[in-house]
Amino acid sequence: MKVTISEFGDVGTKVTLVGKLDIAGAEVVDLPLATVAGTRANIVVDMMGVDFIASIGIRHLVMAAKAVARGSRRLVLLDPTPMVTEVLVTAGLVDFLPIARSEAEARTLLNGAATA
């Protein structure tokens, strides 16, 4: 798993993940994702490069989303693969972990959170 953190314009932070979000991948993303979530800023998690997600990976995303929600912010998933999307839909998490299919859609979702 590779993790890259960058600014997402003036609306938040972008965390780009590439690889498998299995036990080993979740261990790699744990600290960086928790650190970004601890700032309680909006987060966009770019999931385009994630081809597998296990329950431990979902747990880290949910924990990060809860942390930013405490600051009235939001975590948005950017364009997860169809398989990852199916797992999140089946788990009933798309309301809590909203999915954007483009950066423009992610900005819209985050700007809505900022004004809510």
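**Ground rules.** I am working with a predicted model, where local features need pLDDT of at least 70, side-chain atom pairs count only at pLDDT 80 or more, and totals for chains, interfaces and linings use all residues. Residues are numbered from 1 along each chain as its sequence is written, and side-chain values use heavy atoms, with hydrogens and water left out.

**Count.** I looked for salt bridges (a side-chain nitrogen of Lys or Arg within 4 Å of a carboxyl oxygen of Asp or Glu). I found five salt bridges.

**Glutamate 103 and lysine 14.** I checked this pair and got 2.8 Å, N to O. Glutamate 103 sits in helix α4 and lysine 14 in strand β2, so the bridge ties together parts 89 residues apart in sequence. Helices (H or I, at least four residues) and strands (E, at least two) are DSSP runs, numbered from the N terminus. Next I looked up burial: buried means under 20% relative accessible area, exposed over 50%, partly exposed in between (1.4 Å probe, protein chains only). Lysine 14 is buried at 13%, whereas glutamate 103 is partly exposed at 33%.

**Lysine 20 and aspartate 51.** Their closest N and O atoms are 3.5 Å apart. Lysine 20 is in strand β2 and aspartate 51 in strand β3, 31 residues apart. Lysine 20 is partly exposed at 43%, and aspartate 51 is partly exposed at 44%.

**Aspartate 79 and arginine 101.** I read 2.9 Å, N to O, for this salt bridge. Aspartate 79 lies in the loop between β4 and α3, and arginine 101 in the loop between β5 and α4. I noted 25% relative accessibility for aspartate 79 and 40% for arginine 101.

**Network.** Last, I traced shared partners: salt bridges join Lys14, Asp46, Glu103 and Arg107 into one network.
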